[in-house]
Amino acid sequence: MAPATQRPVRRTAVGGALPRALLPAILVWLPLAAVVGGALAALLARAPSLPLAELWQDAYIRQVVRFTLWQALLSTLLSLTLAIPVARALARRPRFPGRGLLLRLFGLPLVVPSIVAVFGVVAIYGHGGLFNRALSLLGAPPWQGLYGLPGILIAHVFFNLPLAVRMLLPLWAGVPGESWRLAAQLGMRSGALWRLIEWPLLRQALPGVATLIFLLCSSSFAVVLTLGGGPAASNLEVAVYQALRFEFEPGRAVALALLQMMLCGSLAWLLTRLAQPMALAASAARPYPRPDQAALGGRLWDALVLLLATLSVGLPLAAVAAAGLDGPLTAVLIDPLLWRSTLQSLAVALPAGLLALAGGLSLLLSSRRLRLRCHRPRWAEAVELSGSLVLVLPPLVLGTGLFLLLMPYADVFALGLTLVTLVNALMGLPFVIRVLSTPLRQVAEHHDRLCASLGISGWRRARLIEWPLLRRPIALALALAVTLALGDMGVIALFGSQHTMTLPYLLYQRLSSYQMEQAAVTALFLVALCLGLFLLIERGIGGRERAHA
């Protein structure tokens, strides 16, 4: 009789726990469904019947789709081709002067606004840039091909090379020390190590990393808008913006937005299929030096690779700093427009970051309870995935849907900052979930039973047990969400005006009107604001002690 009496009790407990576990996620799903569902409904309502065959006959749309895919493919191949030797060099040289600084440099493109990076690329490779000055010293003609596909590729590599390096580098840490010891005993050289140990591990991770970079490049907006150079080098994001903001053709904008959504949805589905977790052999976790560390050829090659990577990432940032310091600092800094744009940027970024953090924590709390208390791991994965589904709807496409939804009822441009805040909060959700998912689960796995046995729950558990352990990743997640919203150039380009102007939009206007000296100071100010705000949030909330990269 004992099993018969225990089984209904267990089912009742689990069944009663399910609503409580799902409640935080439901509080996020309701507004998420309202915003995303409303935007999608507005897009579909404006799409007449979507005759895809006729749509594909439009030469302009075919050109835009081809260029979107082509530049994303080339950007992905270039980024990965350069990132693999850089990540291998960093893994092969775990200790050298400046390694920590180099890793921090590779983290800067994530928080530097894309429009600022574009300015740095122009300062290096533009007509009067450092690259052309070097060519003139060698007696070669100046390079005039920045605007178009070459410039887009250079800017995308600037962003995605460090991202790929930071994603691939942890793979080497997962190689058991016994593998290196056995390789040393067998006398294996660098080529054999790559063929037998490193490449089989990388081959499992590369499809997921490549798909993510492809997705980011296919939905790139500020880079293509600024460096595209014309309709021949426009992607779907820029085409949607031009159709709605300049041509005011809602039908064409809707068609392009739906094409973009289908493309991103297919890529996101492919990402979930390809990015599978890798199982590594059990190891004693004892570090063992690689047998190819001392080879002179490898040391010279690694030094060259790391030097080139440092220059490719550091030169545009240094150019921004140099041009800004050489520009009219006083005139720009006393400009009321700069400070009004700063206040409006902060009014967007801070609420967007807090909303993203609150939404991400709510989804992760539901996921954690489903996984550990209700024993529903698939449900937990679905809850976490729901926060990343906004990647299927790029910011400009989501903004287009909201624009069409609200246009008959309100002054859309008067609501611009509110809509930009809302969209940026949704776009920050995937980053918050990615940063906090593993720490929240690990803290619960280590302390859940102890807290239950001691009767510690609710606010007491959050304050006494979880906050001291999670304050650092929470601070990192909030800092990322805030700085990403602060540097956003996608949605504000749709809703921006003289009355709703943020710093990235102000910088874009000054670049478009060839006010390069004022743009240089504005870019430097925006970078300083992003980095200062990032460090303030990370250290102010997470504490001064920071984990080593």
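**Reading helices and burial**

Reply: In this predicted model, Asn424 is buried, with a relative accessible area of 8%. Buried here means under 20%, so the value for Asn424 falls below the cut-off.

Me: In which helix is Asn424 found, and which residues is Asn424 in contact with, leaving aside its neighbours within four places in sequence?

Reply: Asn424 is found in helix H18, residues 416-454. With those neighbours left aside, its contacts are Val348, Ala352, Leu484, Ala485 and Asp488.

Me: How do I read the buried residues of a helix, such as those of H16?

Reply: An α-helix has 3.6 residues a turn, so residues three or four places apart point the same way. In helix H16 (residues 377-386), the buried residues are Ala380, Val383, Glu384 and Ser386. They cover an arc of only 160 degrees around the axis, which puts them on the same side of H16.

Me: How many of the 12 residues of H5 are buried?

Reply: Nine of the 12 are buried, so H5 is largely enclosed by the rest of the structure. Among them are Ile115, Phe119 and Ile124. The buried residues of H5 pack against several helices, including H6 (130-137), H7 (149-173) and H22 (516-542).

Me: What span should helix H5 have at 1.5 Å a residue?

Reply: The 12 residues of H5 (residues 114-125) should span 16 Å, and the end C-alpha atoms are 16 Å apart, which agrees.

Me: Which residues make the nonpolar surface patch?

Reply: Trp301, Leu304, Leu307, Leu308 and Leu311 make a patch of about 490 Å². Leu304 lies in helix H13, residues 296-326, and is partly exposed, with a relative accessible area of 43%.

Notes:
Residues numbered from 1 in each chain as written. Predicted model: local features only at pLDDT ≥ 70, side-chain atom pairs only at ≥ 80, totals over all residues. Heavy atoms only, no water. Patch = residues over 30% accessible without salt bridge, like charges linked within 9 Å, V, L, I, M, F, W, Y side chains within 5 Å. Areas by Shrake-Rupley, 256 points an atom, 1.4 Å probe, with all protein chains shown as cover. Salt bridge = Lys/Arg side-chain N within 4 Å of Asp/Glu carboxyl O. Helix = DSSP H or I, 4+ residues; strand = E, 2+ residues; numbered from the N terminus. Buried < 20%, exposed > 50% of the residue type's maximum accessible area, 1.4 Å probe, protein only. Arc of directions from axis to C-beta. Contact = heavy atoms within 4.5 Å. Expected span 1.5 Å × (residues − 1).
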